[in-house]
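Me: I have a fold open on my screen and would like to learn how to read it, feature by feature. Could you walk me through it?

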Amino acid sequence: MSNDLVALSVVLGLVAAGYLAVAGYVWSHRRVAGGPALTVLLLAAGVWTVCNAVEVALPDPADQAVWGDIKYVGIVLLPPALLVFALEYTGRIRSLTLTNLALLSIEPVVVLGALSIPATQHLVRSVPADAPYGEYAVAQTGPLFWVNAVYSYALVSVAIGLIVVATLAVTRRRAGAWLLVGSCVLPLLLNIAYNLGFEEYFPIDPTPIGFSVAGFVLVWGFFRFKLSDLVPMGRKQVVEQLPDAVLVLDLQGRIVDVNPAAASLVGERESTLVGREVHDVLSQLSGLFESTPLQEAASTTARARGRDGGVLDLAVTLSPLPGGGAPSSGRLVVLRDVTAQRDVERRLRELVAERTGIIETLRRGLYPLRLPEIPGLQVAAVLDPAEAETSIGGDFLDVRTIGSGRWALMLGDVVGKGAGAATLTALARHTTIALTALGWLPSRVLARVSDAISDDSGLDPAGDVRFCTMALATVEPGEDSAEVLLSLGGHPRPMFVSDRGVVSEVGVPGSLLGVLSDPELHDVRLGLRPGEYLVMFSDGVTEARRGMEAFGEQRLIELLSRLAGTPPAHIVHEVVGSVRAFSAQEEHRDDIAVLVVGVPTPDAEPGR
């Protein structure tokens, strides 16, 4: 092998390494329009170049023939990849259907198939049998070679045409645009010259080196000068069909382009607007134009007379148009008719105010304004709806005297929110209050509440599923102690906090209320001594989430253990605050209800 060919094979190898490196970089930015196709183009050129380098470096003509055939993988892939890139770059991605891609692949498959069969290889290319050892053998071409050449030239020409038209139409960077176009034309011209018999000027096919220039310029343009930001999105499909009025102004404030919406807004034809001073067309915005420097953006609101004589509310945006190395080459004015939006916003404010008033009225009837003081006990509660201002929550709680020194404590959670939740809350709460006053055991009260919900659901014309959960406890204070009778209807088990900070779950889980005709419910008797508390809570506490992680029972147990010995009012606020902080980043949150009752220590203040 001559020293020139050895040096050339080294150069080709370096070019191939550059292709692969740049392909990896482009793939890491594949979200850019045309990025995936450009990656395939670079890889195809890399395969072509690698095989060409090996072909040139080998002394045996038979080995050269093998690598010469393999390089056709890159040769046949490169033109379709360039065309796909051009279609993506110019916003014609809808043309890239599976059918069209399959049609593009027919010719490459035929060529590669012919090369893979010894009997048909000569239809594409063949190395002469008498080619001398140690020299680069120039292959003889067959009919399929010229079919592939014409096909490739056609695809590359179409791709270049698309890029030329699109790039020159959307960018003021003429030098960069022509550099991009020229880099695409170069390998096409080199390949045509080589195939037409100018071998004396080129010891080997120079096309891979030409494509290295094109590929590197494309990448350089994409990520250095942001040519990808100039991807034409189809002006007629985007700008002209925009419902917003768009006007393009030059540095002197003359209108150089408008879309149909702008012409309709001012009641004139597009052709009559171009060339006029913007102050004459939009006189109400003269102050904005005069007070805003050319290189700055601004926005405001304005009112204009519509074509029907009505008054329009407009949102106005003024933006500079960069280009030519100057801070601004003009201005873009966008006028959006927000009349309907303002009317909707005004009506929405009225509805929100009305709804807020209704919600506040309902809330006063559903939830206690303040908790009563229980002699000999401390009690505190917090009800924190997720949407306090806009909806009735599903959680509820109450503390009521039921005569003879006994008290009923309830905490529940109904399905749903809003008016449906309000009616179900009222049913469950008032039924419980009425039946506990009769001295019924908590489990019997919950069973009747379940029947009431079930009977009421059968009368619901919408047929919605209605149920609730509830923890119901009757408390009878004694001297330095309290007796508690607890029943759970599908509700989370409350926490018992001892005077030493030991926390345990208490109560026997029961059935959901309103679901079964014969719910399974149990009464559990507990005793509270000084310094001990019963903590009742809704599932919004333990099921609060931060991503995939739940607040959970264990985190609640650890928190209550640390809070042992503190007043109930402090406990409820710490629990609610910790849960809300845990799920602060979550968009959807649940209601939270916490109720704590306990026997104070001798040195503690009675009541709450």
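Reply: Gladly! Helix α19 (residues 568-582) lies across β8, β16 and β19, and α19 runs at about 25° to β8. Keep in mind that this is a predicted model.

Me: Which strands does helix α18 lie across?

Reply: Helix α18 (residues 552-562) lies across β13 (495-497), β14 and β16 (533-537). Its angle to β13 is about 25°.

Me: In what order do the strands of that sheet come, and how are they paired?

Reply: The general idea comes first: strands of a sheet pair through backbone hydrogen bonds, either parallel or antiparallel. Here five strands make an open sheet, ordered β8-β19-β16-β13-β14, and the pairing is antiparallel. β8 (378-384) and β14 (503-505) are at the edges with a single partner strand each, so one side of each has no neighbour in the sheet. On average, neighbouring strands of this sheet are turned by 15° against each other, direction ignored.

Me: How many bridges join β8 to β19?

Reply: Seven bridges join β8 to strand β19 (residues 592-598), and the two run antiparallel.

Me: Is β9 largely enclosed or open to the outside?

Reply: For this, count the buried residues, taking buried as under 20% relative accessible area. Five of the seven residues of β9 are buried, so β9 is largely enclosed by the rest of the structure.

Me: How is β9 joined to β10, and what should I look for in their hairpin?

Reply: Seven bridges join β9 to strand β10 (residues 407-414), and these strands run antiparallel. V399 stands opposite L409 in β10. The hairpin has five residues between the strands, and there G403 takes a positive phi near 85°.

Me: And how many bridges join β11 to β12?

Reply: Strand β11 (residues 468-478) and strand β12 (residues 481-489) run antiparallel and are joined by nine bridges. A handy pair to click on is A473, which stands opposite L486 in β12.

Me: Now a helix on its own. What should I check in α4?

Reply: Then look at the span. Helix α4 (residues 72-89) has 18 residues and reaches 26 Å from its first C-alpha to its last, close to the 26 Å expected at 1.5 Å a residue. Next, look for a bend: α4 bends by about 30° at L78, and a proline, P79, follows within four residues. Finally, check the cover: 16 of the 18 residues of α4 are buried, leaving the helix mostly covered.

Me: How do α4 and α5 run relative to each other, and which residues touch?

Reply: Take the crossing angle, where over 145 degrees counts as roughly antiparallel. The axes of α4 and helix α5 (residues 98-116) come within 9 Å and cross at roughly 170°, and α4 and α5 are therefore roughly antiparallel. From α4, the contact is made by Y72, V73, V76, P80, L83 and V84; from α5, by L101, L104, P108, V111, L112 and L115.

Me: At what angle do α3 and α4 pack?

Reply: Helix α3 (residues 61-70) and α4 pack at about 25°, with axes 4 Å apart. They are therefore roughly parallel to each other. G68, D69 and I70 of α3 make the contact with Y72, V73 and G74 of α4.

Me: Could we try a single residue? Where is Q140, and what is it in contact with?

Reply: Q140 is in strand β2 (residues 140-141). With a relative accessible area of 47%, Q140 is partly exposed. Leaving aside neighbours within four places in sequence, Q140 is in contact with V124, R125, S126 and P128.

Me: And how many helices and strands does the protein have?

Reply: The protein has 19 helices and 19 strands, and 46% of its 608 residues count as buried. Among contacts between residues at least 6 apart in sequence, 64% join residues at least 24 apart.

Notes
Residues numbered from 1 in each chain as written. Predicted model: local features only at pLDDT ≥ 70, side-chain atom pairs only at ≥ 80, totals over all residues. Heavy atoms only, no water. Expected span 1.5 Å × (residues − 1). Bend = angle between axes of the 7 residues up to and from the residue. Buried < 20%, exposed > 50% of the residue type's maximum accessible area, 1.4 Å probe, protein only. Pairing = 2+ DSSP bridges. Axes fitted to C-alpha atoms, helices over the stretch in contact; angles between N-to-C directions. Contact = heavy atoms within 4.5 Å. Parallel < 35°, antiparallel > 145°, perpendicular 65-115°, else oblique.
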